[in-house]
Amino acid sequence: MVSDAQREELQRIARQSRSRRSVAFRARIILRCAAGTDNAAVARNLKTTGFTVGFWRNRFIAGGVNALLDEPRPGAPRKLGDDAIARVVKLTLESVPKGATHWSTRSLADKTGMSQSAISRIWRAFGLQPHRTQSFQLSSDPFLVEKVRDIVGLYMNPPDHAVVVCVDEKTQIQALSRSQPILPLRPGEPERRTHIMNVMGRHHFSLPWMWRREL
């Protein structure tokens, strides 16, 4: 016999998301049994076995709705709390170690007092890869496409009796800054940064020029 309160609770559980799909399935078994359907008919309707229907029906009779929930799994309890995990994630995303460009599992383990394997597990769980960096370049030159076609075309199909030589545009000038701010590391995404710029504020790159020699 299923009480009204139990029926409402079973209906709520049956509408659970995929994260509790197995428990929702058990609730649907009990609801169909409560409607007077025999085990064999419930098994055919839900595409399961009569043993499964009978098992969860007996569990419900013995323990009610709570008997449909998953029992705690054996094993050692989790040693790292949510605050410790949040600290590791925050340090990884918002800071860098002294004298280095990014954290390693060893350096962050020394900083937090955790084990290196614990840091690795946290990074994998949140998709953190501080050792990875993506570079990109944004150009505001309105004639960029035409220039790229000219330069690539010069390499791919140089004129007759000509030699194409690549010469650095700004030799012996130290590059000090970047064209855009560095985009920080985020879960699932590496740190992103633009190419460096020279002190004159122009992109540090190479341009080809032609030296024509009569053969």
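This is a predicted model: local features need pLDDT of at least 70, side-chain atom pairs count only at pLDDT 80 or more; totals for chains, interfaces and linings use all residues.

Biologist: OK, how many salt bridges does the structure hold?
Modeller: One. The side chains of glutamate 9 and arginine 12 form it, at 2.6 Å from N to O.

Biologist: Where do glutamate 9 and arginine 12 lie?
Modeller: Both are in helix H1 (residues 4-14), three residues apart, which is about one turn of the helix. Helices here are DSSP runs of H or I with at least four residues, strands are runs of E with at least two, and both are numbered from the N terminus.

Biologist: Zooming out, what does the secondary structure of the chain come to?
Modeller: Eight helices and six strands. Along the sequence the pattern is α-α-α-α-α-α-α-β-α-β-β-β-β-β. Of the 215 residues in the chain, 23% are buried.

Biologist: Let's look at helix packing. At what angle do H2 and H3 pack?
Modeller: Helix H2 (residues 21-34) and helix H3 (residues 39-46) pack at about 140°, with axes 10 Å apart. That makes H2 oblique to H3. Axes are lines fitted to C-alpha atoms, for helices over the stretch in contact, and angles run from 0 to 180 degrees between N-to-C directions. Under 35 degrees counts as roughly parallel, over 145 as roughly antiparallel, 65 to 115 as roughly perpendicular, and the rest as oblique.

Biologist: Which residues meet there, between H2 and H3?
Modeller: From H2, Phe25, Arg28, Ile29, Arg32 and Cys33 meet Asn39, Val42, Asn45 and Leu46 of H3. Contact means heavy atoms within 4.5 Å. By class, the contact of H2 with H3 has five nonpolar, two polar and two charged residues. Ala, Val, Leu, Ile, Met, Phe, Trp, Tyr, Cys and Pro count as nonpolar, Asp, Glu, Lys and Arg as charged, and the others, Gly among them, as polar.

Biologist: What about H5 and H6, how do they pack?
Modeller: Helix H5 (residues 82-94) and helix H6 (residues 105-112) have an angle of about 125° and axes 11 Å apart. That makes H5 oblique to H6. Arg87, Val88, Leu91 and Thr92 in H5 meet Leu108, Lys111 and Thr112 in H6. Those residues divide into three nonpolar, two polar and two charged.

Biologist: New topic: what's the phi of lysine 47?
Modeller: Positive, about 60°, although lysine 47 is not a glycine. Most residues other than glycine have a negative phi. Lysine 47 sits in the loop between H3 and helix H4 (50-63), and it is exposed, with a relative accessible area of 76%.

Biologist: Last one: how many residues apart are alanine 40 and valine 53 in sequence?
Modeller: They are 13 residues apart in sequence, and 8.1 Å apart in space, C-alpha to C-alpha. Alanine 40 is in helix H3 and counts as partly exposed at 43% relative accessibility.

Terms used: Residues are numbered from 1 along each chain as its sequence is written. Side-chain values use heavy atoms; hydrogens and water are left out. A salt bridge is a side-chain nitrogen of Lys or Arg within 4 Å of a carboxyl oxygen of Asp or Glu. Buried means under 20% relative accessible area, exposed over 50%, partly exposed in between (1.4 Å probe, protein chains only).
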